[in-house]
Amino acid sequence: MSVNLKSCDIVKNLPSLDFELGLSDITDDPKSLLPLRLKSYAHTLTICSQSVFIISLLTEALEVAIKQSAAVSVNYKVGFIGCGRLGTLMIKCLLHFKVLEPSHIYISTRRPELLKELSKAGVVTCFNNSKVASSCQLLCLCCLPSQLSMVAESLRGHLSPATLVYSIVGGTCVTCHAAYTLCVSTGVTLQRHCQLLHTNSVLRPTFVSSSLDIMRFSMY
């Protein structure tokens with residue numbers, strides 16, 4: 001039995017699924033929204049650069065502690081829960097700038113088989129949140145806001161009091177103008193992180209966009 005497969009536009013004549021639906025309600029000039037792409041790129045670049053900086057800082061602090069006390073473990077590991085587009089960029093930055101050895105990076109993701117490139121480089125990949133949490137001194141949360149509750153449930157009881165959690169889940173975006181300050185949040189606050197994870201050792205970024213469209217970074 002032969003099947004004739006012909007490509008077709010399945011949303012043709014379905015205006016409610018049109019990609020540009022609703023743009024006319026926002027602006028008369030859709031091209032005016034193009035700068036949002038630049039802001040999205042700047043947002044991604046800021047997260048990656050700040051993540052590399054924070055991990056580098058903590059790694060250097062550990063090296064100082066090792067020199068002062070032989071009792072401190074040298075097996076400093078960084079874990080990632082979730083490894084989508086942003087998480088992958090962060091890890092590749094860490095490897096590119098040689099912040100950590102590949103074997104000191106642990107990743108837990110639902111599809112570890114998609115990380116063959118990182119796995120071949122020596123990064124430990126799996127789908128086991130509790131294992132990664134209990135093995136690492138720094139844990140980076142890179143999951144979606146809608147997944148945070150489920151992820152937190154799998155982490156509770158496996159986080160050491162000395163483990164620092166760095167979360168980019170639902171980071172707050174603050175826009176500052178001369179006359180006002182606008183704060184846009186996904187609702188996943190720092191307090192909510194602490195409640196779900198049962199720990200107060202959480203770092204969460206806030207991204208600030210000024211009237212000059214310059215983004216800076218602060219931690220809460």
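User: Which residue forms a salt bridge with R111?
Analyst: This is a predicted model, and a salt bridge here requires a side-chain nitrogen of Lys or Arg within 4 Å of a carboxyl oxygen of Asp or Glu. For R111, the closest N and O atoms of the pair are 2.4 Å apart. The partner of R111 is E113.

User: Is E113 buried or exposed, or partly exposed?
Analyst: Buried means under 20% relative accessible area, exposed means over 50%, and partly exposed lies in between. E113 has a relative accessible area of 40%, so the residue is partly exposed.

User: How many salt bridges does the count come to?
Analyst: Side chains of opposite charge can pair when their charged atoms come close. One of the pairs is R111 with E113, and E117 also forms a salt bridge, with K92. The count comes to two.

User: How many residues apart are E117 and K92?
Analyst: The closest N and O atoms of E117 and K92 are 3.9 Å apart. E117 lies in helix α4 (residues 116–121) and K92 in helix α3 (residues 85–96), so the pair links distant parts of the chain.

User: Which residue in β5 stands opposite C140?
Analyst: Strand β4 covers residues 138–141 and strand β5 covers residues 164–167. The two run parallel and are joined by four bridges. Opposite C140 stands Y166.

User: How far apart in space are V78 and C140, C-alpha to C-alpha?
Analyst: V78 is found in strand β1, and with a relative accessible area of 0% it is buried. Among the residues that V78 touches are I55, L100, L138 and C140. V78 and C140 are 62 residues apart in sequence, but in space the distance is 7.5 Å.

User: What is the accessible area of the nonpolar patch formed by L38, Y41 and L45?
Analyst: Y41 lies in helix α2 (residues 35–68). Its relative accessible area is 55%, so Y41 is exposed. Y41 forms the surface patch with L38 and L45, and together their accessible area is about 370 Å².

User: What share of the 220 residues in the protein is buried?
Analyst: The secondary structure comes to seven helices and ten strands. The accessible surface of the protein is about 14000 Å², of which 58% belongs to carbon and sulfur atoms. The share of residues that are buried is 36%.

Conventions
Residues numbered from 1 in each chain as written. Predicted model: local features only at pLDDT ≥ 70, side-chain atom pairs only at ≥ 80, totals over all residues. Heavy atoms only, no water. Pairing = 2+ DSSP bridges. Patch = residues over 30% accessible without salt bridge, like charges linked within 9 Å, V, L, I, M, F, W, Y side chains within 5 Å. Areas by Shrake-Rupley, 256 points an atom, 1.4 Å probe, with all protein chains shown as cover. Buried < 20%, exposed > 50% of the residue type's maximum accessible area, 1.4 Å probe, protein only. Contact = heavy atoms within 4.5 Å. Lists of a residue's contacts leave out its neighbours within four places in sequence.
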